[in-house]
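Trainee: I would like to go through the labels used for this model and ask what stands behind each of them.
Mentor: Put the structure up and ask.

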Amino acid sequence: MTDDDEVSASSLPAHDARRDPSTHQLRLFLALAQELHFGRAATRMFMTQPAFSQQIRALEKRIGVPLIERTSRKVELTPAGQALLPDIRSVIAAMTQLNQAAGLQARELSGHLVLGAIGGEAAMPYTHAILAHLRAAHPHLTFEMRNLGFTQQVEALVSGETDAAFLLPPLPPGFQSLHLATDQRVACMAAGDPLADQTSTTLAQLADHTMLDMPPGVPRAWWDFWTVNPRPDGTPVRYGMTVADLEAMLLAVASGQGIVFLPAAARHLFPRPGTAYLNVSDLPLFTAALAWLPRNRNRPALAALRQAAHQVIRRGRHSLL
């Protein structure tokens, strides 16, 4: 384009968008062009004939030319109607393609999720199933998994470091969660403990054992649940050494500093020299959950994660452990 060919926007006539025909009106015209009968076209488009005729007249007014010749015997397209018919078909086809492309983009969600996991939750079957479903449903959505220490499990969600986390309830107030699974807990103790050679024990038999403790940043109610404090007979738990992460915990157990109760999967996930895992017949079950903050609930990426978790759960929790 040369300088002489350029046209400034101010020199163009103002466009009145109110005179643009609607897609609906164009679709009605296409139906009438095929049927050449107002009654049949109106029925086809699930409209009354007066309402249909009114829309066709409004279309002609907006375009500025008559499109239909109406007589008592027949309906025909005007020369203008015949001439514009290919263009109207092209507009409708383009709108259909646009809607299909928009729907595809809506389904192909993109974004990035930062997920947290405490202990061995990242390795659990339900976690893998959820992430596999999410990956299949939204291939453009990326995510990363971060291992969380005991104090980080709540702090990471509150600070926004993680968008959601695979945790072991109970959770403090202010969080939303989805129950993923229920399973047994076991006692983790030093391999040289007199009880370690038994196949099973009870909370009463463990009454004189010291439990490892958590740092101050860990919700006390959470650790009381995991140590069963107080015990069923009302006896308070005797706490000993404080540990900040799982590896420090397992090392302290192996050195005889105390015992802990862990998910049964710890047997396979965390075998360590000097440690033993023992069933406790009266130890309450625990639950696993996907947790998030309510304010983030409807963020598209997090909503997709929640939907994936619901889909996996509907398949049956029996297959998630």
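Trainee: What makes strand 6 and strand 13 a pair?
Mentor: The model is a predicted one. In it, 7 bridges join strand 6 (residues 176-183) to strand 13, and the two run antiparallel. At least two bridges are needed for a pair, so strands 6 and 13 qualify. One of the bridges has S177 with A291 of strand 13 as its partner.

Trainee: Which sense does the pairing of strand 5 with strand 13 have, and over how many bridges?
Mentor: Strand 5 (residues 164-167) pairs with strand 13 in the antiparallel sense, over 3 bridges. F166 stands opposite L290, and L167 stands opposite A289.

Trainee: What does strand 3 pair with, and in which sense?
Mentor: Strand 3 is joined to strand 4 (residues 141-148) by 8 bridges, and these two run parallel. L113 has F143 in strand 4 as its bridge partner. Between strand 3 and strand 4 the chain passes through helix 5 (residues 125-137), and this β-α-β crossover is right-handed. Strand 3 also pairs with strand 5 in the parallel sense, over 3 bridges. There, G116 is bridged to A165.

Trainee: In what order do the strands form the open sheet?
Mentor: The order is 4-3-5-13-6, with 5 strands and mixed pairing.

Trainee: Why are strand 4 and strand 6 said to stand at the edges?
Mentor: Each has a single partner strand, so one side of each is left without a neighbour in the sheet. On average, neighbouring strands of this sheet are turned by 20 degrees against each other, direction ignored.

Trainee: What makes helix 5 a helix that packs on the sheet?
Mentor: Its contacts: helix 5 touches strand 3, strand 4, strand 5, strand 6 and strand 13. Its direction makes about 160 degrees with that of strand 4. Helix 10 lies across strands 3, 4, 5, 6 and 13 as well, and runs at about 30 degrees to strand 6.

Trainee: Which residues have the most contacts inside the largest nonpolar core?
Mentor: M249 and L305, in a core of 59 residues. Helix 10 (residues 300-314) gives the most to this core, with 8 residues. Leaving out residues up to four places away in sequence, M249 touches F150, L212, M214, W223, V243, V260 and L262. A second, separate core has 19 residues, among them F29, I56, L67 and L85.

Trainee: Where is Q25, and what is it in contact with?
Mentor: Q25 is in helix 1 (residues 23-35). Apart from neighbours within four places in sequence, Q25 is in contact with Q55, A58, L59 and R62.

Key
Residues numbered from 1 in each chain as written. Predicted model: local features only at pLDDT ≥ 70, side-chain atom pairs only at ≥ 80, totals over all residues. Heavy atoms only, no water. Helix = DSSP H or I, 4+ residues; strand = E, 2+ residues; numbered from the N terminus. Contact = heavy atoms within 4.5 Å. Core = buried A, V, L, I, M, F, W, Y, C linked by side-chain atoms within 4.5 Å. Buried < 20%, exposed > 50% of the residue type's maximum accessible area, 1.4 Å probe, protein only. Right-handed = clockwise from strand over helix to strand, strands pointing away. Axes fitted to C-alpha atoms, helices over the stretch in contact; angles between N-to-C directions.
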